[in-house]
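Hi there,

Here is the structure I promised to pass on to you.

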Amino acid sequence: MDRRRFFQTLLSAPLLTPLLLASQSRESDREIHLISDAPHAHLPVLLKELLRGQGRPGSFVFSENFPHKNTLKHALSRSGWQFATRFSDADLKISFRTLHQPARPSFTLVKEGKIWDVRSWSLRSLWQEMAQNQAPSLFLTVAALTRPGPGSNAGEVVTIYMNGQNKETFLLKKNLIKSFAAHSGRITVQITNGRARVTDSSCRHKVCLYSPSVSLSGERIICAPNHFLLEVRGNTVDTAIG
């Protein structure tokens, strides 16, 4: 696989997830979305690349329990990260989700609310090894580098972004089903009883359909092939509400 084809394939990796963030600030968000049964083997490498030229590793914390938490904690500590005792003090927040169905192992970087091409030749071999040699996984690890802040609260609105642009915003308390034109066809969002989810998508692997619904401020669902991002916000924003 040549360099150009690798980048094209990487951008189309079907990764999406609800993400619980401690900060409401979008400007500083840098996130790694990793589907793998062995996050301890891959996350330290991805974080090193993400922080290249931007300083030393800081502190990290987990948002909930996970079968590989202790192994990942040890691996990050060996890489220079320090475990934080308080969630609000950590530079890196790590959350875990279980998909409804297994998905192909891979990773995607989200920066400032946009899905970014990880333009690093050094990550090519890791991506190929994961995609070609590892079995499908139910485990999704999300590592978020963001400013410390208060814990997340119940969301009030859902904002849809396409290609990094604000497409539309809806109240979480208003039940609805709406489809959007997407990069590979269409993607459908449903809001029911204060929770939002993707109910249909034209992406190849349809990982979005396996992802749990979201309702807390800061949670996100991301579909890389469709350049789609759904984000729950705690405060009403300056956009038209449908």
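Strand β7 (residues 137-145) is largely enclosed by the rest of the structure, because seven of its nine residues are buried. Buried here means under 20% relative accessible area, with exposed over 50% and partly exposed in between (1.4 Å probe, protein chains only). Helices (H or I, at least four residues) and strands (E, at least two) are DSSP runs, numbered from the N terminus.

Before going further, please keep in mind that this is a predicted model, in which local features need pLDDT of at least 70 and side-chain atom pairs count only at pLDDT 80 or more, while totals for chains, interfaces and linings use all residues. Residues are numbered from 1 along each chain as its sequence is written, and side-chain values use heavy atoms, with hydrogens and water left out.

Back to β7 and its neighbours. Two strands pair if DSSP finds at least two bridges between them. Strand β1 (residues 30-35) pairs with β7 in the antiparallel sense over six bridges, and I32 has A143 in β7 as its bridge partner. Strand β4 (residues 92-103) also pairs with β7, again antiparallel, over eight bridges.

Next, the nonpolar cores, meaning sets of buried Ala, Val, Leu, Ile, Met, Phe, Trp, Tyr and Cys residues joined through side-chain atoms within 4.5 Å. The largest has 24 residues, of which I32, L43, L47, W81, L92, I94 and F107 touch the most other members. At least two residues of this core come from each of β1, α2 (39-50), β2 (59-62), α3 (69-78), β4, β5 (106-111), α4 (124-133) and β7. Helix α2 gives the largest share, four residues. A second, separate core has 21 residues, among them A196, C203, I221 and L230.

How many salt bridges are there? The count comes to four, taking a side-chain nitrogen of Lys or Arg within 4 Å of a carboxyl oxygen of Asp or Glu. E31 pairs with R220, with the closest N and O atoms 2.2 Å apart. This pair links distant parts of the chain, with E31 in strand β1 and R220 in strand β13 (residues 220-223), 189 residues apart. Are E31 and R220 buried or exposed? Both are buried, and R220 has a relative accessible area of 0%. R220 also forms a salt bridge with E231, where the closest N and O atoms are 3.0 Å apart. E231 sits in strand β14 (residues 228-233), 11 residues from R220, and is buried at 3% relative accessibility. Through shared partners, salt bridges join E31, R220, E231 and R233 into one network.

E168 and K178 form another salt bridge (2.8 Å, N to O). E168 lies in strand β9 (residues 165-171) and K178 in strand β10 (residues 176-182), so the pair ties together parts 10 residues apart in sequence. E168 is partly exposed at 21%, as is K178 at 31% relative accessibility.

Finally, there is an open sheet of three strands in the order β10-β11-β12, with antiparallel pairing. β10 and β12 (195-201) each have a single partner strand, so one side of each is left without a neighbour in the sheet. Strand β11 (residues 185-192) pairs with β12 over six bridges, and Q190 stands opposite R197 in β12.

Happy browsing!
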